[in-house]
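Below is a briefing on one protein model, arranged by topic. Please look over the sequence and the structure before reading on.

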Amino acid sequence: MKTSRYGHPDPVDRTRFPVDEWAWTETSHSTEDLGLTETVFAVANGYLGMRGNVEEGRDVHSHGTYINGFHETWQIRHAEEAFGFAQTGQTIVNVPDVKTIKLYVDDEPLMLAMADLEHYERRLDFRDGVLRRSLIWVTPSGKRVRIESQRMVSFEQRHLAVMTFEVTLLDVDAPVAISSQILNRQDGEGEYHLASAAAGEGMDPRKARKLTERVLEPQTHWSSERRTILSYRCANSGMTLAVAVDHEIATESDFEELSHAEADLGKKIYRIKGKVGQPIRISKVAAYHTSRGVPVRELVDRARRTLDRVRDDGVDECFAEQRRWLDRFWSDADVRVDTHPAIQQAIRWNLFQLAQATGRVEQSGVAAKGVSGSGYEGHYFWDTETYVLPFLSYTSPRVARGALRFRYLMLPAARRRAYDLSQLGALYPWRTINGEEASAYYAAGTAQYHINADIAFALCKYVQATGDDDFMLREGIDILVLTARLWSDLGFWLGQGEDRRFHLHGVTGPDEYTTVVNNNLFTNVMASDNLRQAARWARRLAESYPEGYARMCRRLDLVDDEVAEWSECAERMYFPYDEGLGIHPQDQHFLEREVWDLAATPDDKWPLLLHYHPLVIYRFQVLKQADVVAALFLQGQMFTMEQKRADFEYYDPITTGDSTLSSVVQSIVAAEVGHQRLAIGYFYAGLYVDLADLHGNASDGVHVASAGGVWNSLVYGFGGMRDHNGTLTFDPRLPAHWPSLEFGLRVRGHRISVELRCDRIEFTLGEVDAEAARVEGTSIDVIVRGERVTVRPGAPTVVALDGQGPVIERQLGSVPLVGNKDEHEMLHTAGVPVARPHRRKRGEAAS
């Protein structure tokens, strides 16, 4: 059903998942929600990710170990072909799994679903990035066994995963066997696959496609007493992979060990004469290396070097350096809400997911699910630039730069795609891994040209936040020029004189329930900014770096007249506006459609995309996610407060929230215009979207963009920060029941701590980079509700606040509110499409 406007502040079962501000903990095992727990307990670093599957390898929803960008390709087969349709599908590959460690006591296997567990706890610690599990198992013969395990994907060493598994007999000696494996599961299924719960079963376009052919072709396998190595090549994409594992045992008990390797399996088996009170500790260290085509022998050598370093430094040092890395992350990224530990816990889980999705991407993209699951096939969308890059730009600038370089390196493919669509410039793919368009449904895919402007928006925000003009002038400028060139070629002019306007037809905005329209407001607003920024930076390059400008002009065939055209297109872009209703229509003909009555829609028909044909949905005023409202946030300087409120109150009642990208944006704009109850309700809906599985698809992986949206909701929404015109401004909206909100920002080499309370906002200037101090000075200016404030090193700069903005008490109804009036004045009848059985007319003969 529609996401509740008044989301519950804590929808989690706290008898099973207790509150801990620095960890997510499970105190009892259940097979009822394996998909959810495998996602929320996943460990990753942006390059390598491991789902929270249990060590025993059984009782599983979907096994998963993923490497960012490691994919297989396949031919997209359209039922009816047409020129320019996407041809090459891409799907992230489930790489060989090293998580499995099976335990046998008296030759009886530990199987959690049937085990008699005297004690159970699983805990993902946000401070050190380690997943720990502790349990006491009473075997079928009554012997008590303590099992302690740890699992970590290293932030410090990108290719490394570390696991430990410790077994202690508590009351009786017994034979113990431990079988540690590398298993090429390939399609996500193992010998204990549960068909009823498996990922991908049932129709859902958000799930990954299942590859029916063999994907990983074995190249080599090798094992020694300590080390096992397997290597593969993807059958179609040609990508290569090597995985190597070292094992070490520490125990005073007698034991023997066996090693075995074959094409799709590596095993290390320990047989121990277990003694009471003598721990048996297994250390398992894995290294993954991948390439777009480097021979596997080179990858094997790299994997050996990775493991050799761990052998020399020790496993304990791996855990120590992980803690140091996360200490640095939290010093920049933490957001604190006082006296609300459950909210604080959920905030930190979301921020930790951003670290796990981005920490070591290093010039790769950030997939919609990071590397926590196979949802959306591991593809990169606009989500990264719109929801995640703002967080990275202000907390982890180096990571943001790498993600933007990934888009720069994608330009050759984007230029080819523009050519396919008979356009100049570059058109970024709507969904991709390797740079080629992978969306087979163009109406809700390729037609979303706004991705060009979204990438340009993120680029300019990054440069504004960091002062990294060098990146813009050397590489970023190519993104701006080629995306602006596409807009000027895609659009056309209508009208004369002062009425002459630039129009964009045949596009789709963020709302995928309305497709291929004329003058989608979001697209036009974002495109105008793209054009304006391209002209601005081209002129700056010409003035400040004439030699660089000349090289760029030769490289991109740019002439001065083209730059002038961009400025004119930006200034005269057509923005739909209805004077009678006082709102911006989502597109030129949006208001001509019937309104969908969401309040009357049966609960079993949600989300709409899984229960109604697209053509049915397209006929109505109904939104999958914020569209106009997203424009109000991202380009808020282009709208008045009155326009923002009118637009929000019109579109909010007809926004389904079927997309997890919606609630966080609705929260931000609701806070700004004064709907404070809606703002906090939508914030909760975004905060717990995965932790409470509010959309029923957390099993496919973490909603990374929604996690980024949580940071946006806190900083832009409740913190009231805006960065539209090169200067940080603040107009806070602290929720009434929150005593404070604290967050940090990195701005042009300065570190600023912001503390918001009901009656004041405080800024503290931390360390300043030497280069930033030389170029920018040791102070920084911000604007608080129109007043310029200079923040200097030393004591906090305190600005008094008179309240937390407007507060609108009236609730919104189930149909759009027009003109901020107390009563709805709808021009159309609201309805819900219903399938009806055919009935013969009176007098009609039966056949």
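How many of the 8 residues of strand E28 (residues 750-757) are buried? The count is 6, so strand E28 is mostly covered; buried means under 20% relative accessible area, exposed means over 50%, and partly exposed lies in between (1.4 Å probe, protein chains only). This is a predicted model, in which local features need pLDDT of at least 70 and side-chain atom pairs count only at pLDDT 80 or more, while totals for chains, interfaces and linings use all residues. Residues are numbered from 1 along each chain as its sequence is written, and side-chain values use heavy atoms, with hydrogens and water left out. Helices (H or I, at least four residues) and strands (E, at least two) are DSSP runs, numbered from the N terminus.

**Strand E28 and its partners**

- Strand E27 (residues 740-747) pairs with E28 in the antiparallel sense over 8 bridges; two strands pair if DSSP finds at least two bridges between them.
- Within this pair, Glu742 stands opposite Glu755 in E28.
- The hairpin of E27 and E28 has 2 residues between the strands, and Arg748 in that hairpin takes a positive phi near 50°.
- On to the next strand: E28 also pairs with strand E29 (residues 760-768), in the antiparallel sense and over 7 bridges.
- His750 stands opposite Val768 in E29.
- E28 and E29 form a hairpin with 2 residues between them.

**Strand E11 and its partners**

- Strand E11 (residues 144-153) is largely enclosed by the rest of the structure, because 7 of its 10 residues are buried.
- Strand E10 (residues 130-138) runs antiparallel to E11, and 8 bridges join the two.
- Trp137 stands opposite Val145 in E11.
- The hairpin formed by E10 and E11 has 5 residues between the strands, and Gly142 in the turn has a positive phi of about 95°.
- E11 pairs with strand E12 (residues 160-169) as well, in the antiparallel sense over 9 bridges.
- In this pairing, Met152 stands opposite Val162 in E12.
- E11 and E12 form a hairpin with 6 residues between them.
- In a regular strand the side chains alternate between the two faces of the sheet.

**Thr164 in strand E12**

- Thr164 lies in strand E12.
- Thr164 has a relative accessible area of 3% and is therefore buried.
- Leaving out residues up to four places away in sequence, Thr164 touches Glu148, Ser149, Gln150, Arg281, Ile282, Ser283, Val315 and Phe319; contact means heavy atoms within 4.5 Å.

**Helix pairs**

- Two packed helices are described by the angle between their axes and the distance between the axes.
- Axes are lines fitted to C-alpha atoms, for helices over the stretch in contact, and angles run from 0 to 180 degrees between N-to-C directions.
- The axes of helix H9 (residues 469-490) and helix H10 (residues 521-544) come within 8 Å and cross at roughly 130°.
- H9 and H10 are therefore oblique to each other; angles under 35 degrees count as roughly parallel, over 145 as roughly antiparallel, 65 to 115 as roughly perpendicular and the rest as oblique.
- Residues in the contact include Met472, Leu480 and Trp487 of H9, and Ala527, Leu531 and Trp537 of H10.
- By class, the contact of H9 with H10 has 12 nonpolar, 5 polar and 2 charged residues; Ala, Val, Leu, Ile, Met, Phe, Trp, Tyr, Cys and Pro count as nonpolar, Asp, Glu, Lys and Arg as charged, and the others, Gly among them, as polar.
- For helix H6 (residues 397-409) and helix H8 (residues 450-466), the axes come within 11 Å and cross at roughly 145°.
- Pro397, Ala400, Arg401, Leu404 and Arg407 in H6 meet Ile451, Ile455, Ala458, Leu459, Tyr462 and Thr466 in H8.
- The contact of H6 with H8 has 8 nonpolar, 1 polar and 2 charged residues.

**Backbone exceptions**

- Most residues other than glycine have a negative phi, and most peptide bonds are trans.
- Asp107 is not a glycine, yet has a positive phi of about 65°.
- Asp107 lies in the loop between strand E7 (101-105) and strand E8 (108-109), and counts as exposed at 66% relative accessibility.
- Arg785 is not a glycine either, and has a positive phi of about 45°.
- Arg785 is placed in the loop between strand E30 (780-784) and strand E31 (787-791), and counts as partly exposed at 34% relative accessibility.
- A cis peptide bond, with omega of about -10°, joins Trp606 and Pro607.
- Pro607 lies in the loop between strand E23 (594-596) and helix H13 (614-618).
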